Amino acid sequence: MTSGILSVLSTLTYVLVFVLGLILAGLIIVFIIDVTQKQDAVRRNYPVIGRFRHIFSELGEFFRQYFFAMDREEMPFNRAERDWVSRATKGKGNTIAFGSTKNLDSAGTPIFVNCPFPTLDTDAAETTSCEIGPYCEKPFASRSLFNISAMSFGALSVPAVRALSHGAKMAGCWMNTGEGGLSPYHLEGGCDIVFQIGTAKYGVRDEHGKLSDDKLREVAAHEQVRMFEIKLSQGAKPGKGGILPAEKVNDTIAQIRGIPEGEASISPNRHPEINSVEEMLDFIERVRRATGKPVGIKSVVGAYGWLELLCKAIHKRGIESAPDFFTLDGGDGGTGAAPMPLMDNVGLKLKESLPMLSDILHKYGLRDRVKIIASGKRITPAEVAWAICAGADFVNSARGFMFSLGCIQSLKCNKNTCPTGITTHDPRLQRGLDPEDKKVKVANYCKNMVHEVEVIAHSCGVDEPRQLGRKHVRIVQDTGKSIALDELYPRPDILSQYMPSMATTQ
């Protein structure tokens, strides 16, 4: 027996020596590679151990969010915001204790004005329905205040799109397809759908990449497709088209988009057919005539003189020629892959552009005709309520719903390595996302968002969220003093020649 034990120990020793020898040989090889290469000075000067710099750099973003960052420090979304979404998706109570951790002295902070006699629960009303496209054959009336913003199939995985589709149906909100075309997975849940027409016309293009009226009619034949959105620009990259890396373009995505498999999908930076507001109105009318459904535009606002030119052109043609809605995106980034200079520095933030857009439409008597959908970094009730106060009829969110799917902000959306299965087409990683579980969380997030916006509205003394206006929120200034939003952005008078048009007083 003793000899047997000694034999086993001897074998283990040989194995251990062999393994250590392999490790040592590997380290020697890495050492030689590092001291002879000339691309990385740190590795050349500190062979082997210099490699840990890259490992720690990659892991740093994860360690920061869990161990080192304060609740309100992280970008683009901090822990407090993500925790609110997490509790909302699970249907848990969203009450907190011991005071706010939010710095209420920072310039730009919205402070909602509570009423001494808030609305009783018994007096609260359902959110009113809002009609889009009154001059269309098939206008769309929606009560849905909060909806899923544009995220393409391709950028998102199959299970992610499935979960969003089913969750949207459960919550009663709509889902925007993004520019990647209409997939069976969008239709699967039975939700209302907004079809986005990107600059590459994916899903509605002919063999030459041009817009096809026949393809438009095919998409519009789906009753679930309620509206069409013409994307001029998006918050992640104003002035640049969509980017889908080649490794994400599999056979299914290629067929839906009408592009070659395995090749990067790069959209033009604008619609070649649209060179002016007149051509934009022609394009809108073409899509509306082919589909019979409401047609709007999506844009980030930087230069804004074109908005006044657009309003004048609409009145010259007739009010029915106007876009049925305007989806306004913020210039402070988004879900899409984008060059850092565009992501960081181009386009106005929603806090400035939303009141401006609403005021220009009001000035020309078009505020009621053109519905405003606000998009861009709206993932908590205060941000959604502010957007409604500032002039939005609807609010869209992309990253909020990504968090509801389980996003951990790993910042890998532009790669095929998303650890939660949301933005990857790797079957092994997709396996972690169960649509049956996540659809419930998507619905919970939407429902709890609307509920807590209603809580803010009732505190301000109105019966439902769409009654909120600029007088109901104040904005903290550099001095620490707050100013009412209607003083910062006083509503302009309607120009006399446009007075017959209906305009809201929001």
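The chain has 17 helices and 15 strands, where helices (H or I, at least four residues) and strands (E, at least two) are DSSP runs numbered from the N terminus. This is a predicted model, in which local features need pLDDT of at least 70 and side-chain atom pairs count only at pLDDT 80 or more, while totals for chains, interfaces and linings use all residues. Residues are numbered from 1 along each chain as its sequence is written, and side-chain values use heavy atoms, with hydrogens and water left out.

**The chain as a whole**

- Of the 506 residues in the chain, 51% are buried, a term that stands for under 20% relative accessible area, with exposed meaning over 50% and partly exposed the range in between (1.4 Å probe, protein chains only).
- Among contacts in the chain with a separation of 6 or more, 69% come from residues 24 or more positions apart, a contact being heavy atoms within 4.5 Å.
- The accessible surface of the chain is about 23,900 Å², and carbon and sulfur atoms hold 57% of that area, as computed by the Shrake-Rupley method with a 1.4 Å probe, where for residues only the protein chains shown count as cover.

- Because eleven of its 14 residues are buried, helix 12 is largely enclosed by the rest of the structure.
- The buried residues of helix 12 include L350, L354, P355, L357, D359 and H362, and their cover includes helix 10 (305-317), strand 11 (325-329), strand 12 (371-375) and helix 13 (381-390).
- Just after helix 12, G365 has a positive phi of about 70°.

**The second largest cavity**

- There are three cavities of 30 Å³ or more, a cavity being a set of points, on a 1 Å grid over the protein atoms alone, where a 1.4 Å probe fits but cannot get out, with lining residues having an atom within 4 Å of a point.
- The second largest cavity has a volume of about 50 Å³, the volume being the space filled by probe spheres set on grid points that are joined across faces, edges and corners.
- The lining of the second largest cavity consists of L307, L310, C311, I314, P323, F326, L357, I360, L361, L366 and V370, and the elements that give two or more residues to it are helix 10 and helix 12.
- Helix 10 gives the most to this lining, with four residues.
- By type, the lining residues of the second largest cavity are eleven nonpolar, no polar and no charged, where Ala, Val, Leu, Ile, Met, Phe, Trp, Tyr, Cys and Pro count as nonpolar, Asp, Glu, Lys and Arg as charged, and the others, Gly among them, as polar.

- Helix 9 (residues 277-291) has 15 residues and reaches 21 Å from its first C-alpha to its last, close to the 21 Å expected at 1.5 Å a residue.
- The buried residues of helix 9 include M280, F283, V287 and R288, and among the elements that cover its buried residues are strand 6 (192-197), helix 7 (213-220) and helix 10.
- Just after helix 9, G292 takes a positive phi of about 75°.
- K201 is in the loop between strand 6 and helix 7, and this residue is buried, with a relative accessible area of 1%.
- Phi of K201 is near 60°, a positive value in a residue other than glycine.
- Leaving out residues up to four places away in sequence, K201 touches G209, K210, L211, H271, P272, E273 and F283.

- R470 lies in the loop between helix 16 and strand 14 (473-476) and counts as buried at 5% relative accessibility.
- Apart from neighbours within four places in sequence, the contacts of R470 include P355, S358 and D359, as well as C389 and A390.
- R470 and C389 are 81 residues apart along the chain, yet their C-alpha atoms are separated by 4.9 Å.
- I456 belongs to helix 16 (residues 435-459) and is buried, with a relative accessible area of 17%.
- Setting aside neighbours within four places in sequence, I456 is in contact with F112, P381, A382 and A385.

Methods
1 Å grid on protein atoms, 1.4 Å probe; cavity = no way out; pocket = protein on both sides within 12 Å on 5 of 7 lines; lining within 4 Å. Expected span 1.5 Å × (residues − 1).
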